[in-house]
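Good morning, and thank you for making the time.

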Amino acid sequence: MRPFDLTRPEELSAACRDTNGENAAFIAGGTNLIDLMKLEVETPGHLTDISRLGLDGIETDAQGLRIGATVTNSDLAADTRVREGWPVLSRALLAGASGQLRNKATTGGNLLQRTRCPYFYDTDTACNKRAPGSGCAALKGEQRNHAILGTSDHCIALHPSDMAVAMRALDASVELCDAEGESRRVGLEKFYRLPGKTPERETHLRPGELITAVHLPKAGGDRQVYRKVRDRASYAFALVSVAAVLRMKGGRIAHAALAFGGLGTQPWRDPEVDALLEGETPSQALFDKAGEVLMRDAVVHEGTAFKVPLGKRVLTAVLKEVTA
Amino acid sequence: MTEELKIDGPTQARPEDAHAQGVLSREAARPDGPLKVSGRAAYAAEYLPEGAAHGVLVRAPGRGKVRLANRAEVEAMQGVLCVLHDDRMVRNAAQGTANEAPVQGVEWAEYVGQPVALVVAETPEQASHAAARLRVEAGGSKGAVTPGEGEVTDEDVTTSETGDFEAAMREGAQTLDATYTTPSHVSAAMEPHAAIAEWKDGCLTLHSALQMLKFNRNEIADCVGVDPGNVRVLAPYVGGGFGSKLGISAEAVAAALAARDLGRPVRVVQTRRQVFEVNTRRSETRQRIRLAADRDGRLTGLGHDALASNLPGEDFAEPVLQASHFSYAAPNRRLRQSAERLFRPASGSVRAPGEAVGVTMFEIAMDELAESCGIDPVEFRLRNIPETDPERDVPFSSHMLAECLTEGSHRFGWADRPAATRQRQEGEWWIGTGMAAAFRVNLLMEAEARVRLSPEGVVVETDMTDIGTGTYSILTQIAAERLGHPPDRCEVRLGDTDFPPGSGAGGSVGAASTGTAVWLACTEIRRQLAEAMGCSEADLTLKDGRATCGNRSLDIAEVIGDGPLEGHGHLQPGKALKKVRQSTFGAHFAEVAVSDVTGEVRVRRLAGTYAAGRILNPRTARSQCHGGLTWGIGMALTEALEHDRRDGHAVNRDFAEYHLPVNADVPDLDVEFVEERDDWAGPMQAKGIGELSICGSGAAIINAIHHACGVRVRDLPATPDRVLAGLA
């Protein structure tokens, strides 16, 4: 681990100022950052601890719920308002990581966790995300936990979050604050970038900008499901996961919001899948069509080919369950 | 005085059936348990002496000639004491019982990930940062890394043939010809490999995480060029080994060399990622199994052709066929084992080398053939139990497979099972059951122990290690039973080469081998007590600190008199295994649920019934079996060390990506022991139990998957994608 300075500010503006440099990073739970620093995949010279900024509250407001950035995954999953109004989020959180990690990991940190691509973690191999321009060892290497949607010739790294998948289905937005004290709200759909030629740039965060909260509008559907497929029953990243938020009216699908984990370079949502379903009567043919639309641009490699049939099957099973 | 025993034949008496003290073969807690759960048991990395420096190993990023590109720059970094790049550093860990230095020389990297340098600094943080900054250049040398593409020379192939195998295959009423594969596995012990080396007056003291100290002492001495008499190795507590700590590894040698150079103690702990690639792995295997049966379901032909890999120059080849030589009767047999040379990290012993993968895949093949014969899998195995060793004209020392199969199937409720596949569904989940037999050769190894009896109680000393198996418990029980003391008056001291050399822990030999050495040492003390009492050893009863002989009863302290009594036990294996075939046996039963949507498999029940001679402590024995069954789940469903297809390096080298079963993957495990006495196993009639439950438990799960949903997985592990490929 490279030596670093640590500040522990108690004011938001100070935190943003402290972290307004190329070589600085915020730290909250540290469940991912510390691992990466030990391997020197991440080598910040300055860390700003944001655990004293009072960002750990959950509040209801007129629009819905405001979740502070340092609310832990455990606390968020257990919150009764979340369990009642946004249960898909609670389930997604509990499907992720382990109890110990969830006790430390935070809401903002979870959104920004880095990929689990093994080549990203191995500084002896090529990785455009870690070392821009060095190449991508995964393209012709061992693939399994890699993306098939949103990939590029430069990167097939998967976004590993469960929580963020549920948040995409819930139309969440993030509240950001910069060193000047300027605050802005960005929908999750505009928060992440596709890898393209610059896979090292994963979000639209500006230097020194901090996630201060996540906003959840009132859920668009009363039927909410999170289903995760993985290699073992706990503590494994998703091979495929589906978050569904759905409302039925008169035997037809009135609102559909489907988001996917294990498939995309970012927590994945495809407006065309939702549009296809809305207004329709549930049927196997409809679900099959949804799967086809979801996978229309999938780019698979030898190790990830199974995700196309698996993704379709899980989508169908979730739609059956949620429309029944 | 030394009590010697060579096991050349069956024992004539079973004194432990008498149970005067009544502690042997009973449930007993671990004397070391409270120390371990409260953090007071110090493991290798925790004996930090004053003034110790810290070393971190650095790996080669490619295969070929090694060059350190910025050594001077790293040596100038804050806190750095030296960058060790010494030709006595080792490339691979020593194989189990090597007793000499493994291949040395780090000017060349034979595989990607090989340690090639050690960076030593004042603090662990400085050392790890400097190690990360050291730029190692290695590469340019090509070599096969993919199974099937490596060189196989004639001396790397062994074949044994009985009868006319090809004719049996041609004429069989039912035949099977199928190929199975298993991936690389790692031991993944919780405690990382660690060493603290300290030199004083030319003598080396090494605290290390090792399994077999008498060999390890010679290995490290050979590596650093000193007389073994000037080396003391200590490992009183070891946090799991599973084969990966049988021989010394890179961190111990590097620590010893650096400590001598620097004139101060040096600690080296492998990082978790290093643990996955620096120590020997279990080789991947490819196994072609051919079977022929007659109309009655009796095997007429048995063929097992196995391919495993290792680096050039490494003698070890995963002994896949070890149990296939004797597991089932068949007059016509062909067994062929080949070792190919692949430039992946070296392979070696991992928990139950041989049978873990050999029996598991063979038991899948047996399930397949039982199905084509239309015979229940339990019955199919019962019909094919050999009367004598099918390849050598010798009897079995004992053989309780039939009892295990019968009792196990009764306990599991096997009789209720529908014969056909895809018969039971709960929602989207297919439910099925499967079974497999278990075999593991039984071995004894030379072992010595010293026992001292004084009015204060009993002290046992041997360099034997307890790697988490319960050795402290068992040796305590043996000494307490033999010398008539309550266990809390017996102290067992282990893991120090200053003590007499025990067997070491490995190959399930520890309890029976070192246990017998302790038993013999106690016998010698019993003889001294009997002499003082004026009776024969056999007539002496020792219980609760009192010695009774006929109608004379005395406090043992009175009999001892002034000085303590001392006994030394020495066991040697002898010729027994030339005269008999000796094995442990068992039967595994599993119930699984398979998702029709995702191919995910959940183990609902897993049971094992085992025969392993006298069970010395049911609690620690059961605990070993729980571990083995969990390995079985991992082998069947989740565990695979992936190698990069271009350079062979281990890709998923941490606990997040190498998937061991977690608690949520392991159901209630049901373990039962069949009462057995094997008189060829020594005076306690006890055999090894540690590894038996890995040998076939994975097959019971794979066979249950087939019974549940009709999908036959022949390439392990049965991850959701592989099961789904059969379901879709």
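What follows concerns the boundary between domain 2 and domain 3 of chain B.

This is a predicted model, in which local features need pLDDT of at least 70 and side-chain atom pairs count only at pLDDT 80 or more, while totals for chains, interfaces and linings use all residues. Residues are numbered from 1 along each chain as its sequence is written, chains are lettered from A and ligands numbered from 1 in written order, and side-chain values use heavy atoms, with hydrogens and water left out.

Chain B is assigned domain 1 (2–41 + 444–572), domain 2 (44–142 + 189–278) and domain 3 (381–441 + 579–727); such bounds come from an automatic or database domain assignment. Taken over C-alpha atoms, the centres of domains 2 and 3 of chain B lie 37 Å apart.

How much area do domain 2 and domain 3 of chain B bury between them? The figure is about 900 Å², with 63% of it on carbon and sulfur atoms; buried area is the accessible area (1.4 Å probe) that two parts lose on being put together, summed over both. On the domain 2 side, Val112(B), Arg273(B) and Phe276(B) supply 62% of the area buried against domain 3 of chain B, more than any other three residues.

Turning to charge, two salt bridges are counted between these domains of chain B, each a side-chain nitrogen of Lys or Arg within 4 Å of a carboxyl oxygen of Asp or Glu. Glu277(B) forms a salt bridge with Arg653(B), where the closest N and O atoms are 3.6 Å apart.

Notes. Contact means heavy atoms within 4.5 Å.
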